[in-house]
Amino acid sequence: LPNTGSLAFDGTDDRVEVPGAESLRSFTALTIEAWAKPTGDVAGESAILGKTYDGSNWELGLFRRPDGAAELDWSCGGFCGYFLTSGTNAFPVGQWTHIAGTWSPAGATLYVNGNQVATGTGGVSSLANTLNVFLIGAAELDGAPARFWRGGIDEGRIWSGVRTQAQIQANMRSTLVGDESGLVAYWNAEQGSGNVLSDATSNGNHGRLGASPDVDAADPAWSADVP
């Protein structure tokens with residue numbers, strides 16, 4: 001299938017909010033991935049997609065750090081967490097980059113453009129055990145959206161198992177149908193208009209653009225700029 005659309009975020013308040021759902025919680029193994037294109041640096045870390053534990057600490061998520069490094073974060077189940085990070089400048093401004101993270105109790109791995117860049121402990125027996133909102137283009141801080149993304153995001157995916165490096169490489173440049181085995185959520189940004197980012201899987205993890213069901217200043221823009 002052709003890839004014709006993405007979402008562009010302004011780095012100020014734009015985000016997509018996906019309501020908490022059973023299919024987005026209590027993972028015993030997972031893979032999270034997306035294409036992202038930063039168009040400018042922002043203060044602190046900027047979030048691609050993920051969810052928080054208590055309004056500040058991450059349950060799981062993908063970030064870009066101010067030094068251009070990619071980062072995978074996940075929670076210990078309370079007020080602490082783990083993270084993996086790539087080398088600096090692995091995630092350049094003005095360029096689409098594919099970021100993927102895998103996690104299981106046996107360990108975690110971070111990939112940039114299909115290349116393994118870091119590995120570490122799994123740390124916990126399960127992840128994302130709450131029904132908290134899942135955010136794209138932002139992360140909560142003190143209970144409110146923050147860490148806003150400036151640039152494009154496309155092809156957001158969550159899988160309910162650890163994808164191998166070969167599987168990540170084989171699929172990262174291809175669009176999916178939505179019924180692939182293990183695929184829990186798939187935001188391909190192909191709508192091109194409207195105030196909902198559709199989940200192409202049968203789980204219905206659709207995201208609302210912006211701060212309200214209506215058009216508002218926090219809506220990311222539909223874009224034809226794609227990886």
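Author: Two strands pair if DSSP finds at least two bridges between them. Strands here are DSSP runs of E, at least two residues long, and helices are runs of H or I, at least four residues long; both are numbered from the N terminus. This is a predicted model, in which local features need pLDDT of at least 70 and side-chain atom pairs count only at pLDDT 80 or more, while totals for chains, interfaces and linings use all residues. Residues are numbered from 1 along each chain as its sequence is written, and side-chain values use heavy atoms, with hydrogens and water left out.

Reader: How do you know that β9 and β10 pair?

Author: Count the bridges. Strand β9 (residues 107–112) and β10 share 5 bridges in the antiparallel sense. The rule asks for at least two, so they pair. Within the pair, alanine 108 stands opposite glycine 120 of β10. The two strands form a hairpin with 2 residues between them. In that turn, asparagine 113 has a positive phi of about 55 degrees.

Reader: Which strands form the open sheet, and in what order?

Author: There are 8 strands, in the order β7-β6-β5-β4-β11-β2-β17-β16, with antiparallel pairing.

Reader: What makes β7 and β16 edge strands?

Author: Each pairs on one side only. Their residues are 81–85 for β7 and 196–197 for β16.

Reader: How do you know that β4 and β11 pair?

Author: Strand β4 (residues 46–52) and strand β11 (residues 134–136) are joined by 3 bridges, antiparallel. At least two are needed, so the pairing stands. Leucine 49 has isoleucine 136 of β11 as its bridge partner.

Reader: What joins β6 to strand β5?

Author: Strand β5 (residues 58–64) is linked to β6 by 5 bridges, and the two run antiparallel. Leucine 60 has tryptophan 74 of β6 as its bridge partner. These strands make a hairpin with 5 residues between them, and glycine 68 there takes a positive phi near 85 degrees.

Reader: How many bridges does β6 share with β7?

Author: β6 and β7 share 5 bridges, again in the antiparallel sense.

Reader: Why is strand β6 called largely enclosed?

Author: Buried means under 20% relative accessible area, exposed means over 50%, and partly exposed is in between (1.4 Å probe, protein chains only). In β6 (residues 70–75), 6 of the 6 residues are buried, so the rest of the structure largely encloses this strand. Ala70, Leu72 and Trp74 point one way, Glu71, Asp73 and Ser75 the other, and all are buried. In a regular strand, side chains alternate between the two faces of the sheet.

Reader: Why is serine 181 called exposed?

Author: Its relative accessible area is 68%, which is over 50%, so serine 181 counts as exposed. Serine 181 sits in the loop between α1 (165–171) and β15 (183–187).

Reader: What makes the link between threonine 130 and glutamate 59 a polar contact?

Author: The term needs a pair of N or O atoms within 3.5 Å; within protein, one must be able to donate a hydrogen and the other to accept it, and residues adjacent in sequence count only if both atoms are side-chain atoms. The two side chains make such a contact at 2.3 Å, so the distance is within the limit.

Reader: Is arginine 147 buried, exposed or in between, and why?

Author: Arginine 147 has a relative accessible area of 22%, so it falls in between and is called partly exposed. Arginine 147 lies in the loop between β13 (144–146) and β14. Its phi is near 50 degrees, a positive value in a residue other than glycine.

Reader: Why does alanine 189 count as buried?

Author: Its relative accessibility is 3%, which is under 20%, so alanine 189 is buried. Alanine 189 is in the loop between β15 and β16. Its phi is also positive, about 55 degrees, although it is not a glycine.

Reader: What makes the largest cavity a cavity, and which residues line it?

Author: On a 1 Å grid over the protein atoms alone, a cavity is a set of points where a 1.4 Å probe fits but cannot get out; lining residues have an atom within 4 Å of a point. The lining includes Leu49, Ile136, Trp187 and Ala189. β14 gives the largest share of the lining, 4 residues.

Definitions and conventions
On a 1 Å grid over the protein atoms alone, a cavity is a set of points where a 1.4 Å probe fits but cannot get out, and a pocket is an open set with protein on both sides within 12 Å along at least five of seven lines; lining residues have an atom within 4 Å of a point.
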